[in-house]
Amino acid sequence: QEAMVHSIAGLERARILQYAYAIEYDFVPPDQIDATLETKRVRGLFMAGQINGTSGYEEAGGLGQLAGINAARGVAGQEALVLGRDESYVGVMIDDLITRPPVEPYRMFTSRAEYRLLLRSDNADARLTPVGRRIGLVDDARWKRFRHKQELMDEIRQVLAVGHRDGRPIVDWLRRPEVRIDDVIDRAALRPGTDPLLEQALEAVEIEVKYGGYIDRQQRQVERFRQMESRPIPSGFDFAAIPELRREARERLAAIGPRSIGQASRISGINPADITILLVYLDRRRRLDRG
């Protein structure tokens, strides 16, 4: 196993101090970890896996990827990557861990994601490939494949927008439960020959059309969510200096150190009245800073 680790690029000088599987379960309280998975007390130290209070290989894999990305970006002096709850299940998991510390090993269930209609397997590439490209983890070949699929989807949407015999666009027919995309689109006319990504593109567009109303509604919810997320809380903000906050609220906010009003609102034990008081103080501070 040591030899296998040393054969992995980047781990040639790594040493295994203790094999972790089946040892006594212990973890670092997640409120001691930032959304970047960096520990608050020891900068440059990133946590991933069961030590964060999770259980299962998938959870460890997702956390390990984000911790590795941010450790590398930290060394390079680059901005850390934080995925939102509306972007990925990994983002949901990390946000849950740091705002609602688990009382038992955490498992990532789809039911934990309030925007799970947007976090589908068919659009995972559309959600995350541009992020991977931006941080240098998507090579040219994969980016070209992604862009080709997006172009195919655009072609399909254009065909669906064309008027049918009754003057209505074809997409209106596809919205009917009994109609499938193969019933309204001639694949050969759309793209002669064999294209391995055509099937994926057709499926993605069909889902987009069939569930369009629900997706649009959830997208509006996401926009409201982003407004809360875009209201930042300054680093090192002194929550103890707000006497109107309940003692429990001051303690919970100080322990977590939320980055935004949205994140603060998701902390266990924080209620809407606490958020209103916090907003009043932040607005007051903003006006004083403007001078």
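Me: What volume does the largest cavity have?
Reply: The largest cavity holds about 30 Å³. The structure has one cavity of 30 Å³ or more. This is a predicted model, with local features needing pLDDT of at least 70 and side-chain atom pairs pLDDT 80 or more, while totals for chains, interfaces and linings use all residues. Residues are numbered from 1 along each chain as its sequence is written, and side-chain values use heavy atoms, without hydrogens or water.

Me: What makes a space a cavity and not a pocket?
Reply: The way out decides. On a 1 Å grid over the protein atoms alone, a cavity is a set of points where a 1.4 Å probe fits but cannot get out. A pocket is an open set with protein on both sides within 12 Å along at least five of seven lines. Volume is the space filled by probe spheres on the points, which are joined across faces, edges and corners.

Me: Which residues line the largest cavity?
Reply: P30, I33, L37, N52, I94, L97 and I98 do. Lining means an atom within 4 Å of a point. By class, six are nonpolar, one is polar and none is charged. Nonpolar covers Ala, Val, Leu, Ile, Met, Phe, Trp, Tyr, Cys and Pro; charged covers Asp, Glu, Lys and Arg; the others, Gly among them, are polar.

Me: Why is L37 called buried?
Reply: The relative accessibility of L37 is 2%. Buried means under 20% relative accessible area, exposed over 50%, partly exposed in between (1.4 Å probe, protein chains only). Therefore L37 counts as buried. L37 sits in the loop between α1 (2-6) and α2. Its phi is near 75°, a positive value in a residue other than glycine.

Me: Why does Q18 count as exposed?
Reply: Q18 has a relative accessible area of 58%, so it falls in the exposed class. Q18 also belongs to the loop between α1 and α2. Its C-alpha is 48 Å from that of E244, 226 residues away along the chain.

Me: What surrounds the second largest pocket?
Reply: The lining has 26 residues, with Q65, L83, S88, V90 and L128 nearest the centre. The volume is about 500 Å³. Helices α2 (57-75), α3 (89-99) and α4 (124-134) each supply at least two lining residues. Helices here are DSSP runs (H or I, at least four residues), numbered from the N terminus. The lining divides into 15 nonpolar, six polar and five charged residues.

Me: Why is S88 called buried?
Reply: S88 shows 4% relative accessible area, so it is buried. S88 lies in the loop between α2 and α3. Beyond neighbours within four places in sequence, it touches L83, L119, R127 and L128. Contact means heavy atoms within 4.5 Å.

Me: What makes a group of residues a nonpolar core?
Reply: Such a core is a set of buried Ala, Val, Leu, Ile, Met, Phe, Trp, Tyr and Cys residues joined through side-chain atoms within 4.5 Å. The largest one here has 18 residues, and I156, L160, I181, I185, L202 and V205 have the most contacts inside it. α5 (140-160), α6 (170-174) and α9 (198-210) each give at least two of its residues. α9 gives the most, six. Leaving out neighbours within four places in sequence, I185 is in contact with I156, V159, L160, L190 and L202.

Me: How do you know that R266 and D95 form a salt bridge?
Reply: Their closest N and O atoms are 2.5 Å apart. A salt bridge needs a side-chain nitrogen of Lys or Arg within 4 Å of a carboxyl oxygen of Asp or Glu, so the pair qualifies. R266 is in the loop between α12 (261-265) and α13 (272-290) and D95 in α3, so the bridge ties together parts 171 residues apart in sequence. Both partners are buried.

Me: How many salt bridges does the whole structure hold?
Reply: The search finds 27. One of them joins D172 and R168 at 3.8 Å, N to O. D172 is at 21% relative accessible area and therefore partly exposed. R168, at 34%, is partly exposed as well. Bridges that share partners join R85, D95, D96, R100, E114, E229 and R266 into one network.
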